[in-house]
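Subject: Structure for you to look at

Hello,

Here is the structure, with its sequence. My notes on what was found follow below it.

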Amino acid sequence: MDATRPLTPKEEAFCQAYLVTRSGSEAFRRVYSTGKMSDKAITNGARNVRLRPPVAARIAQLGAEVAQRHEVTMDELVNLAREAVGIAREKKDSAGMIAGVRELGILSGLRVTKREIRAKAEEMSDKDLEEAIRRDLADLGLNPATLAGLALRATPAAGQA
C-alpha cells in the first residue's frame, strides 16, 4: 500500500484519536462502529489500521508536529522529572520523589500507566485472561515473548483470601 496516498476521513480521525489516547483499540472504538465487535476483533482492527503505511506515516507526522509545537523533547521531559525528584529529595518529600520516579519510569517506557480492563479477571478463564494480557501488551507495542521472564501473579479481589 502506498504511504503517500491520501487518508480516508476515518483513517485521519483514527490518527487524531490515536494521538490523544495513545491506544490503537481506543482510537478504533472512537472512529469505527464497534458495538458488536469482540475486544479481540477491535484490537486486530486497530492494529490493521495502525500498520497501514499512510496511517503510520500520518501518526508519526502528527506526533512530530505536537512535539515541535510545544518545543518539547524527551530529554527535556526526563530532565524536568529528574529535577522534580531532586527537589522532592531536598524537601524530604517521599510522595513527591515516588511521583517523580514513577514519571521517569513512564517516560522511559519501563512503566505503563493503568489500562482500562473491560471484564473482571475473576470471570475470565486463565486462557482468556492470558490472551487479554497479550493483546494489551501488543497494543502497547510490547512483545510478550520478550517479557517471558516476568511472572504474572493473580491477586485475590478485596474480601477474598
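D39 and R29 form a salt bridge, with their closest N and O atoms 3.4 Å apart. The pair ties together distant parts of the chain: D39 sits in helix α3, R29 in helix α2 (residues 24-31), and they are 10 residues apart. A salt bridge here is a side-chain nitrogen of Lys or Arg within 4 Å of a carboxyl oxygen of Asp or Glu. D39 is partly exposed, because its relative accessible area is 31%. R29 also counts as partly exposed, at 22% relative accessibility. On this scale, buried means under 20% relative accessible area, exposed means over 50%, and partly exposed is in between (1.4 Å probe, protein chains only).

A word on the source. This is a predicted model, in which local features need pLDDT of at least 70 and side-chain atom pairs count only at pLDDT 80 or more, while totals for chains, interfaces and linings use all residues. Residues are numbered from 1 along each chain as its sequence is written, and side-chain values use heavy atoms, with hydrogens and water left out.

**The fold in outline**

The protein chain has seven helices and zero strands. From the N terminus on, its elements run α-α-α-α-α-α-α. Helices (H or I, at least four residues) and strands (E, at least two) are DSSP runs, numbered from the N terminus. Of the 161 residues in the protein chain, 22% count as buried.

**The network around E11**

The structure holds five salt bridges. Side chains of opposite charge can pair when their charged atoms come close. R5, E11 and R52 are linked in a network of such bridges.

Take R5 to E11. Their closest N and O atoms are 2.8 Å apart, in a salt bridge. E11 counts as buried because its relative accessibility is 2%. R5 is at 25%, so it counts as partly exposed.

Now R52 to E11. This salt bridge has its closest N and O atoms 2.9 Å apart. It links distant parts of the chain: E11 is in helix α1, R52 is in the loop between α3 (39-50) and α4, and 41 residues separate them. R52 has a relative accessible area of 27%, so it is partly exposed.

**Helix packing**

How do α1 and α4 cross, right-handed or left-handed? Start with the angle. The axes of helix α1 (residues 9-21) and helix α4 (residues 53-69) come within 10 Å and cross at roughly 45 degrees. That makes α1 oblique to α4. The crossing of α1 and α4 is right-handed.

The axes of α5 and α6 are 8 Å apart, and the two helices pack at an angle of about 160 degrees. α5 is therefore roughly antiparallel to α6. The crossing of α5 and α6 is left-handed.

The terms behind this are as follows. Axes are lines fitted to C-alpha atoms, for helices over the stretch in contact, and angles run from 0 to 180 degrees between N-to-C directions. Angles under 35 degrees count as roughly parallel, over 145 as roughly antiparallel, 65 to 115 as roughly perpendicular, and the rest as oblique. A crossing is left-handed if the near helix is turned anticlockwise from the far one by less than a right angle, and right-handed if clockwise.

E103 is in helix α6. E103 counts as partly exposed, at 37% relative accessibility. The C-alpha atoms of E103 and R82 are separated by 9.2 Å, and the two residues are 21 apart along the chain.

**Positive phi in two loops**

Most residues other than glycine have a negative phi. R22 is not a glycine, yet has a positive phi of about 60 degrees. R22 is in the loop between α1 and α2. At 49% relative accessibility, R22 counts as partly exposed.

K92 is not a glycine either, and its phi is positive, near 55 degrees. K92 lies in the loop between α5 and α6 (94-108). K92 is exposed, because its relative accessible area is 74%.

**A nonpolar patch**

M74, L77 and L80 make a nonpolar surface patch of about 280 Å². Patches are made of residues with over 30% relative accessible area and no salt bridge; like charges are joined within 9 Å, nonpolar side chains (Val, Leu, Ile, Met, Phe, Trp, Tyr) within 5 Å. Areas come from the Shrake-Rupley method with a 1.4 Å probe, and for residues only the protein chains shown count as cover. L80 is found in helix α5 (residues 74-90). L80 counts as exposed, at 54% relative accessibility.

Best wishes
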